[in-house]
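These are my notebook entries on a structure that was new to me. I set down what I looked up, topic by topic.

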Amino acid sequence: MFDRYEPKEFEAKWRDAWQEADLFVTREDPERPKFFGLDFFPYPSGAGLSVGHCRNYIPTDVICRMRYMQGYNVLHPMGFDSFGLPAENEAIKRQRHPWPMIQEYGATYRRQMDLVGVSYDWSRSFFSSEPSYYHWTQWIFKKLYERGLAYRRNAAVNWDPIDKTVLADEEIIGGRAERSGALVEKKLIPQWYFKITEYAQRLLDDLDDLNWPEGIKNQQRNWIGRSEGVQFRMKVDGISTGESLGATIPGSEIEVTNLDHDVSFEVFTTRVDTIFGMTFCVLAPEHAIVDTLLQHASEETVAAVRDYQAKAKELSDIDRQAESREKTGVFTGSYAINPANGAKVPIYLADYVLMGYGTGAIMAVPAHDQRDFEFAIKFGISVVPVIQPDEPFLKKYSASESFNFNQELANYSADPAAYSKSVYEAKDGVLMNSGEYSGLSVSEAQTKLGEWMEALEIGQRKVNFRLRDWLISRQRYWGCPIPVVHDRDGTMSLVPDDCLPVELPDVENYQPSDDGQSPLARIPEFLNTTTPDGTLGLRETDTMGGFACSSWYFLRFCDPNNFEQPWDVEKANYWMPVDCYVGGAEHAVMHLLYARFWTKVLYDLGLVKSKEPFARLQNQGQVLAMTPYRKPREGERLDIGEDGILISFEEAKQTPEDQLIWKWARMSKSKGNVVTPDEAVEQYGADALRVYELFVAPFDADVQWSNEGMQGAVRFLSRIFKLVSDLQPHYDLEWSAGIMPDTPDARKIRRWTHQTIQKVSDDIEKFSFNTAVSTLMIFVNNLSDFVKSADLSGLRLPVSEAIDSLVLLLAPIAPHTADEIWESLGHKGFTYHADWPTFEPELTVEDSVTVAVQVNGKLRDTLEMSASASQDEMESAAKSSEKIKVHLDGKEIVKVIVIPKKLVNIVVK
Ligand code: ANZ
């Protein structure tokens, strides 16, 4: 047996042996419980894996290996998310076809994953761009279409002029495409959508039961953005064509007219209680009623409005809503009538109101809404407070005992920020300046005003969601074709099941075009086809964005080689949901929401009985590496958030010390700071890499890569080899058949062993891998110290139990090392097939404890006592200690303080 960690001597041998034995091929024994452990579906990039990616794969591997040893059937698959823009852009850059390219990249990933000993069942692997996979992506598309959940409409979309494609809102940051950095434009083209909004409420409700990080759940809640409010009609003054209904609006002379003939628009508000504070209205610049209003406006107004509309067009929704932006707007020349009090309020256009949310029009209440407030200040519109804040609110925000609005109003031109903090958030409190509603609480007023509007049929209570339908089509080549055929007269039909998959044609030139059409539209053999009833038709040429492919791959893993159906329902029902899903926190909304949506649709179709795809979610921290930057030179511009210019390691060598800035930055190819698993394994060994990544920090914390840390891992593994080889002469393979001795030393070793089993099992379960490793370190230290001094004769059985337990607990963490030692000890087979050690609770209990004995608070002695000693026993043991007696001599004992298992303090005078 080796007496130190020699990875080059045995790691590759074990990996070959595992492969030879098909060790990780999924077992499906109906008698056993199941465990589905899954890593986020990776896109295999040309750069290969870094040790940063391993922080995802190694921990999942540890929990899967432990579960297998605990007797579970384990599904631990890996595949490749190979359709989509990144792959296509990379292929264009390399002037290659994406398919062979991505297969090569995938093969590199696989080799690297194998190199660090991850236990994937490769017999279940696939690429999402294989026809045998996307066949079923298309099949699911059809199911969505049949249920009315996939539809096509003309839409102003975000157009990326560099990547020449449409982007989802989520793919735009600060008005630029996240991927290409292009300034995003608006373009009107027919687009395919999935109707995720129909599932908004369920997507929200079912979050509660998921074992996911709270932060991710909240991001989803905000993204779905449910709000309850009232939607009501606002009549435009002076241009109504309606007849009188013989009633007036309460408190005014204004007649209620037949709304069907009125020029009116609807507003959505969550704060109908503030309706008396409405001092203007705002329409989104794209609002359809604007044209009508302009028919009654002066030439100058028309010109100003058209100009404003044109400018708004160039901005993305996200920019329009940016809190820091100064408010802009333009008056339309028209007024609307507040239905609650008949007041005439000016109608403005402003880009902070979005067309895509609510009704694209709002009642503006500057006293209680931050954005309206900023707008009112800028345009000199009055601010009418209508909510008297309650006491706790006043205490929190205002120094004065009585809250004086006039004073506040006087203050806010001087310091708008101070006012807005004190007033606009007033969500609790009592109404004022609100006619008959004054004196009611906010919630009472909301109910009453809602009822009143419903009775008069001016409006109704409504739930709104911020969530938008999911834009799925891409005008690009490298994606899953949409299985739809367009008839001559424009009707659409689905491609019949027996004609699936609609295969992507193998072409040389697949560059995107400038006209917004997919390159597939230029390929006649693909484009021209027949409709199901035999007439000539044209294929849909848009492809699906990559998020479609990753919305169901976990289901395919349950039954990946099925050619008859996407999966066998029984198999999916056995394996789903994924018990533990591991990946980066950056996927909080898109992928994780889309996959939940598809799963719910498939649930409704009876194709899977799990309503949610991922029962538990874990997000790993990143690996950071020391990265060189240099100070900017005169006139050099820095990227946002940076204080230096990123340089290569080569350039760093040439740069004077005082110009260099070294910083921890996320490991990535673009930063040139990547350490590959190949390098790490070559230099230190695969198990050392595994131990290091698990031990260096809590799973979800960022990690600073260090070579010293790797050496520490090597030393730890070497200590294990040394310990076991030292103990080998005392090792008995058949220890479990013997009768354990019951001496204090035997009990001590067994206590260490069983405590370690308990803690390591529990820690792995909790994803606390760093403490699992440190527990093993303590165990190894205790045993190493013990063997140095103790007489081991008579301890063969507890020592052997300790060694076997150590090796098996180590097996998921450092599997090569574990198998090497296991074999050297004389065991047959792999640790993977051995049973996970279990602990006996009574053996974990400490039977002796160290108690501190103080006199007047000063430590004078420490005593070993039975852990079950009573307070009286502790006290008398302390008093009879020779060292203590010296300090008690001739003194009077005033009192004795006893803390069980820890301390006795004797107070004397
Ligand atoms: C009056 C009011 C008074 C409002 C007040 C808020 C506070 P959530 O919760 O996000 O649904 N709003 C409605 N439609 C809008 C649109 N298309 N673009 C921009 N803003 C819009 O927010 C709903 C509130 O956001 C609505 O309630 C409306 O302003 C505004 F003290 O109406 B509120």
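How many nonpolar, polar and charged residues does the lining of the second largest cavity have? I found six nonpolar, no polar and no charged residues there, where Ala, Val, Leu, Ile, Met, Phe, Trp, Tyr, Cys and Pro count as nonpolar, Asp, Glu, Lys and Arg as charged, and the others, Gly among them, as polar.

**Conventions.** I note that this is a predicted model, in which local features need pLDDT of at least 70 and side-chain atom pairs count only at pLDDT 80 or more, while totals for chains, interfaces and linings use all residues. Residues are numbered from 1 along each chain as its sequence is written, and side-chain values use heavy atoms, with hydrogens and water left out.

**Cavities.** I took a cavity as a set of points, on a 1 Å grid over the protein atoms alone, where a 1.4 Å probe fits but cannot get out; a pocket is an open set with protein on both sides within 12 Å along at least five of seven lines, and lining residues have an atom within 4 Å of a point. Points are joined across faces, edges and corners, and a volume is the space filled by probe spheres set on them. The count comes to two cavities of 30 Å³ or more.

The second largest cavity has a volume of about 30 Å³. Its lining consists of Leu 727, Ile 749, Leu 783, Phe 786, Val 787 and Val 799. Helix α26 (residues 769-789) gives the most to this lining, with three residues; helices (H or I, at least four residues) and strands (E, at least two) are DSSP runs, numbered from the N terminus.

I then turned to the largest cavity, with a volume of about 50 Å³. Its lining has two nonpolar, two polar and six charged residues. Among them are Arg 320, Glu 326, Lys 327 and Tyr 352.

**Second largest pocket.** I recorded a volume of about 1300 Å³ for this pocket. Of its 40 lining residues, Asp 169, Lys 186, Asp 317, Gly 356 and Arg 468 lie nearest its centre. Strand β3 supplies the largest share of the lining, seven residues. By class, the lining divides into 22 nonpolar, seven polar and eleven charged residues.

**Ligand.** I counted a residue as near if one of its heavy atoms lies within 4 Å of the molecule. There are 19 residues around the ligand, and Ser 227, Thr 269, Leu 354, Tyr 357 and Arg 466 come nearest. The shell divides into eight nonpolar, seven polar and four charged residues.

For polar contacts I used pairs of N or O atoms within 3.5 Å. The side chain of Thr 269 has an N or O atom 2.7 Å from an oxygen atom of the ligand. For the side chain of Tyr 357 the corresponding distance to a ligand oxygen atom is 2.4 Å. A polar side-chain atom of Arg 466 lies 2.4 Å from an oxygen atom of the ligand.

**Backbone.** I found a cis peptide bond between Leu 500 and Pro 501, with omega about -5°. Pro 501 lies in the loop between β23 (492-494) and α16 (524-527). The peptide bond from Met 576 to Pro 577 is also cis, with omega near 0°. Pro 577 is placed in the loop between α19 (569-575) and β27 (580-583). Lastly, I noted Asp 22, a residue other than glycine, with a positive phi near 50°. Asp 22 sits in the loop between α1 (7-20) and β1 (34-39).

Conventions. Polar contact = N/O pair within 3.5 Å; in protein donor to acceptor, adjacent residues only side chain to side chain.
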